[in-house]
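These are my notebook entries on one structure. I recorded what I looked up, entry by entry, and I gave each term its cut-offs when I used it.

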Amino acid sequence: MPVKHFSAYKTIGEVVEILNNAEPQKAKINAHTLRFWETQFNQIKPKLFNNDRRHYEKNSIEVLKLIKFLLKSEG
């Protein structure tokens, strides 16, 4: 069985999937929402690689989970 390689960085699509599996699950997030949140929250700092494609570190993903929870669950 092959070992799956886990990158230190996640693409915007992977982060959308992670956030949509996090609580609250009813509140779906898309890439457009993530790009907007980047303009509103200084804590989100994706790295830009390969023709300006966004890649997120674990810390940024955790901040995004918290933002999603606070905005979608707590209002």
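**Entry 1: the loop with proline 24**

I began with proline 24, which is found in the loop between α1 and α2. I then looked up the peptide bond from glutamate 23 to proline 24, and it is cis, with omega near -10°.

I noted the conventions here. This is a predicted model, in which local features need pLDDT of at least 70 and side-chain atom pairs count only at pLDDT 80 or more, while totals for chains, interfaces and linings use all residues. Residues are numbered from 1 along each chain as its sequence is written, and side-chain values use heavy atoms, with hydrogens and water left out.

**Entry 2: phenylalanine 69**

Which residues are in contact with phenylalanine 69, leaving aside its neighbours within four places in sequence? I found Glu23, Pro24 and Glu74, where contact means heavy atoms within 4.5 Å. Phenylalanine 69 itself is found in helix α3. At 34% relative accessibility, phenylalanine 69 counts as partly exposed; the scale is buried under 20% relative accessible area, exposed over 50% and partly exposed in between, with a 1.4 Å probe and protein chains only. I also compared phenylalanine 69 with leucine 19: they are 50 residues apart in sequence and 9.6 Å apart in space, C-alpha to C-alpha.

**Entry 3: helix α3**

I looked up the span of helix α3, residues 58-73. Its 16 residues reach 22 Å from the first C-alpha to the last, close to the 22 Å expected at 1.5 Å a residue. The expected span is 1.5 Å times one less than the number of residues.

Which residues of α3 are buried? They are Ser60, Ile61, Leu64, Ile67 and Lys68. They lie on the same side of α3, because they cover an arc of only 120° around the axis. The arc is that of the directions from the helix axis to the C-beta atoms. I recalled the general rule that an α-helix has 3.6 residues a turn, so residues three or four places apart point the same way.

The face turned away from the buried side of α3 carries the exposed residues Lys58 and Asn59. The buried residues of α3 pack against β1 (10-11), α1 (12-21), α2 and β3 (53-56). After α3 comes glycine 75, whose phi is positive, near 70°.

**Entry 4: helix α2**

I then examined α2, where the buried residues are Leu34, Trp37 and Glu38. Their arc around the axis is only 110°, which puts them on the same side of α2. His32 and Thr39 are exposed on the other side of α2. The cover over the buried residues of α2 includes α1, β3 and α3.

Is glutamate 38 buried or exposed? Glutamate 38 is buried, because its relative accessible area is 16%. Leaving aside neighbours within four places in sequence, I found glutamate 38 in contact with Ile44, Pro46, Arg54 and Tyr56.

Not counting residues up to four places away in sequence, valine 16 touches Ile29, Asn30, Ala31 and Leu34.

**Entry 5: the sheet**

What is the order of the strands in the open sheet? The three strands run in the order β1-β3-β2, with antiparallel pairing. β1 and β2 (47-49) stand at the edges with a single partner strand each, so one side of each is left without a neighbour in the sheet. Two strands pair if DSSP finds at least two bridges between them. Two bridges join β1 to β3, and in β3 histidine 55 is the bridge partner of threonine 11.

**Entry 6: the aromatic pair**

I counted rings of Phe, Tyr and Trp (its six-membered ring) as paired if their centres lie within 6.5 Å; planes under 30 degrees apart are stacked, over 60 edge-to-face and the rest tilted. By this rule I found one aromatic pair. Tyrosine 9 and phenylalanine 49 form this edge-to-face pair, 5.4 Å centre to centre with 80° between the planes. Tyrosine 9 lies in the segment before β1 and phenylalanine 49 in strand β2, so the pair ties together parts that are 40 residues apart in sequence. Tyrosine 9 counts as partly exposed at 25% relative accessibility, and phenylalanine 49 counts as partly exposed at 36%.

Key
Helix = DSSP H or I, 4+ residues; strand = E, 2+ residues; numbered from the N terminus.
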